[in-house]
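Trainee: I have a structure open and would like to learn how to read it. Could we go through the features one at a time?

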Amino acid sequence: MLAAALQAGCALHVGRRMKNAPGARAFAVALACEAWWAFGYVGELLVRGVPAKVFWDDLQLPPAFLLPMAFLLFALRFTGRRPRHLGVWLVGLGVLPASAMVWVFCDPLLGLSRGSARIVSAPPFDRLLYDFSLVERVAYFELSVVMVYVCGLLFLHAYQHGPLHRRQAFVVWLGSLFA
């Protein structure tokens with residue numbers, strides 16, 4: 001919970017106080033997604049039973065899908081790139097993750113996406129395991145490709161600058177590798 005609170009605090013700080021810096025708002029959204037994800041993960045660890053764990057696991061799905069998009073916007077703003085028709089690209093990239101979220105959130109009605117959910121004993125917290133559907137796997141693959149693009153974009157940006165700025169930009173790039 002502390003990590004989620006710290007990330008939310010950082011998101012507010014960056015979003016409010018540093019909003020004029022290139023990419024700051026998108027980075028604040030990424031931090032907020034990480035806070036949301038951490039909060040959901042703590043909830044999943046603390047509850048018992050398959051339905052409760054599935055609920056908290058499903059709560060982590062939107063930030064998992066929004067985070068790469070926020071990092072993409074951050075990387076574009078930070079590097080000063082302005083692709084043509086960015087809105088169209090973002091909508092196109094959002095179709096698969098949105099489809100996966102609809103599929104997962106309809107599970108209480110259909111019982112198809114989390115039908116294999118089970119708990120495996122793993123002290124100190126039990127682990128929730130289930131099979132991913134095809135739409136989830138394709139959406140995660142797409143977002144992995146987006147993150148590889150983001151890392152490449154930040155690396156090239158760092159490489160193109162003078163020594164001082166290059167070091168700072170490489171720190172940003174290294175941080176993107178951990179996202």
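Trainee: How many helices and strands are in the protein chain?

Mentor: The protein chain has eight helices and two strands. Both are DSSP runs numbered from the N terminus: helices are H or I with at least four residues, strands are E with at least two. In sequence order the pattern reads α-α-α-α-α-α-β-β-α-α. This is a predicted model, in which local features need pLDDT of at least 70 and side-chain atom pairs count only at pLDDT 80 or more, while totals for chains, interfaces and linings use all residues. Residues are numbered from 1 along each chain as its sequence is written, and side-chain values use heavy atoms, with hydrogens and water left out.

Trainee: What share of the residues counts as buried?

Mentor: Buried means under 20% relative accessible area, exposed means over 50%, and partly exposed lies in between, with a 1.4 Å probe and protein chains only. Of the 179 residues of the protein chain, 36% count as buried. Glu44, which lies in helix 2 (residues 24-46), counts as buried because its relative accessibility is 9%.

Trainee: Which residues does Glu44 touch?

Mentor: Contact means heavy atoms within 4.5 Å. Leaving out residues up to four places away in sequence, Glu44 touches Lys53, Trp56, Asp57, Gln60 and Leu128.

Trainee: Which residues of the largest nonpolar core touch the most other members?

Mentor: In soluble globular proteins, nonpolar side chains tend to be buried together. A nonpolar core is a set of buried Ala, Val, Leu, Ile, Met, Phe, Trp, Tyr and Cys residues joined through side-chain atoms within 4.5 Å. The largest one here has 27 residues, and Phe65, Phe71, Leu72, Val150 and Leu154 touch the most other members. Helix 2, helix 4, helix 5 and helix 7 each supply at least two residues of this core. Helix 4 gives the most, with ten residues. Apart from this core lies another, of five residues, among them Ala11, Val14, Ala24 and Ala28.

Trainee: How many aromatic pairs does a search of the whole structure find?

Mentor: A pair of aromatic rings is described by the distance of the centres and the angle of the planes. Rings of Phe, Tyr and Trp (its six-membered ring) pair if their centres lie within 6.5 Å; planes under 30 degrees apart are stacked, over 60 edge-to-face, and the rest tilted. The search finds seven aromatic pairs. The ring centres of Phe55 and Trp56 are 5.6 Å apart and the planes stand at 85 degrees, so this pair is edge-to-face. The pair of Tyr130 and Phe132 is also edge-to-face, because the centres are 5.6 Å apart and the planes are at 80 degrees. Tyr130 counts as buried at 16% relative accessibility, whereas Phe132 is partly exposed at 39%. Phe65, Tyr130, Phe132 and Tyr140 form one aromatic cluster.

Trainee: Which residues line the largest pocket?

Mentor: Rolling a probe the size of a water molecule over the atoms shows where empty space is left. On a 1 Å grid over the protein atoms alone, a pocket is an open set of points where a 1.4 Å probe fits, with protein on both sides within 12 Å along at least five of seven lines; lining residues have an atom within 4 Å of a point. Leu72, Leu76, Arg81, Pro83, Leu86, Trp89, Leu93, Val146 and Tyr149 line the largest pocket. Helix 5 gives the most to this lining, with three residues.
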